[in-house]
Amino acid sequence: MTIDIRPIDPANRAFFAGEVSGIDLTRPLSDAEVAAIHAGMDEYGVLVFHDQRLDDESQLAFSRQLGPLEQATGDIMPPEQRRMSMDLNDISNLDVNGNVLARDDRRRLFSLGNLLWHSDSSFKDVPAKYSLLSARTIPAAGGNTEFADMRAAYDALDEETKREVHDLICRHSQIYSRGMLGFEDFTEAERMKWAPVRQRLVRRHPNTGRLSLYLASHAGEIEGWPVPEARAFLRDLNEHATQRQFVYAHVWRPFDLVIWDNRVTMHRARRFNSKEVRDMRRTTLTNEVSSLEQAP
């Protein structure tokens, strides 16, 4: 078979999620297949692959064919409590023994930040490029993932706002995003680990040249602005960027793999019955450089 990518909503020419067929991600890919995936990511921003029966080893092997991986340093899980290597992000509600976390477990409460609109690893000096999420076990209902197209959101801004945001620098931290939920149970070491980092508010894609907003719940300050004014402005931008016309909601099937480009999208998880198992594994490609080095 030949790899084929088709828009999930073919009636909408601006739609940014593509469904991929004609490829088996559990085997080594050809150079042409790797190039086709990168080209599809440039065009869409979100790619959906159904029935990809990946295990941890094959997910890592596939991901490394697309680029270098970042380490899973964005959670509060001590290494001895992890279910998997630092090359994989454990996107689940399970402990090291495979038991569902208690409702008030600190790890679960911290992970609820995934329900907020965000871009993966924007709280790191060099943020994420692609995220690759594999669905191993899904709940009976809920637990969808929504994506918002930050290119279309930027394009829809009025010209005055485009001029205003163009050169702004934000500060991102998980301290900000978890604080929005009332989670403030951080150790001093964690507060130092997640000290705010600087990111551009507008980014230019290195291949397509398109401009996009770079937003996240992790963004809590704008350099040179009073904090209340900055947060009100960022809230307005987030409300604008997550209007329904900019959003694709993915309903998971077992063994779906979804790849998204964090440079041009935001995403959030949706609620599900926390007593049911939701077991996902995410590999994450690091970006080449800091957003500050990519002049808009």
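Buried means under 20% relative accessible area, exposed over 50%, and partly exposed in between, with a 1.4 Å probe and protein chains only as cover. This is a predicted model, in which local features need pLDDT of at least 70 and side-chain atom pairs count only at pLDDT 80 or more, while totals for chains, interfaces and linings use all residues. Residues are numbered from 1 along each chain as its sequence is written, and side-chain values use heavy atoms, with hydrogens and water left out.

View 1. At 3% relative accessibility, serine 121 counts as buried. Its loop runs between α3 (106–111) and β5 (128–137). Helices (H or I, at least four residues) and strands (E, at least two) are DSSP runs, numbered from the N terminus. Phi of serine 121 is near 65°, a positive value in a residue other than glycine.

View 2. Aspartate 51 has a relative accessible area of 51%, so it counts as exposed.

**View 3. The largest nonpolar core has 25 residues.** A nonpolar core is a set of buried Ala, Val, Leu, Ile, Met, Phe, Trp, Tyr and Cys residues joined through side-chain atoms within 4.5 Å. Those with the most contacts inside this core are Met150, Val165, Leu201, Leu213, Leu215, Leu234 and Leu237. Two or more residues come from each of α4 (150–155), β10 (211–213), β11 (219–222) and α8 (227–241). Helix α8 gives the largest share, 5 residues.

**View 4. Valine 165 has one of the highest contact counts inside the largest core.** Contact means heavy atoms within 4.5 Å. Neighbours within four places in sequence are left aside here. Valine 165 is then in contact with Tyr154, Leu157, Leu201, Val202, Leu213, Phe233 and Leu237. Leu201, Leu213 and Leu237 are also listed with the most contacts inside the core.

**View 5. Tryptophan 225 sits in the loop between β11 and α8.** Tryptophan 225 touches Glu164, Leu168, Ala230 and Phe233, not counting residues up to four places away in sequence. Cysteine 170 is 55 residues from tryptophan 225 along the chain. Their C-alpha atoms are separated by 9.8 Å.

**View 6. Alanine 269 is a buried residue of strand β14 (residues 265–269).** Its relative accessible area is 13%. Alanine 269 touches Asn114, Leu115, Asn144 and Thr145, with residues up to four places away in sequence not counted. Alanine 269 and histidine 250 are 19 residues apart along the chain, and 9.7 Å separates their C-alpha atoms.

**View 7. Isoleucine 175 belongs to helix α6 (residues 174–180).** Leaving aside neighbours within four places in sequence, isoleucine 175 is in contact with Phe186, Arg191 and Trp194. Arginine 200 lies 25 residues from isoleucine 175 in sequence. In space the two are 19 Å apart, C-alpha to C-alpha.

**View 8. Glycine 209 is partly exposed, in the loop between β9 (202–204) and β10.** The relative accessible area of glycine 209 is 29%. Glycine 209 and methionine 192 are 17 residues apart in sequence. From C-alpha to C-alpha, they are 35 Å apart in space.

**Setting for the views. The chain has 8 helices and 15 strands.** The radius of gyration is taken over C-alpha atoms, and the globule rule is 2.2 Å times the number of residues to the power 0.38. With 296 residues, a compact globule would have a radius near 19 Å; the chain has 18 Å, which agrees. Its C-alpha atoms fill a box of roughly 50 × 45 × 35 Å, taken along the principal axes. Buried residues make up 54% of the 296 residues. Among contacts between residues at least 6 apart in sequence, 81% join residues at least 24 apart.
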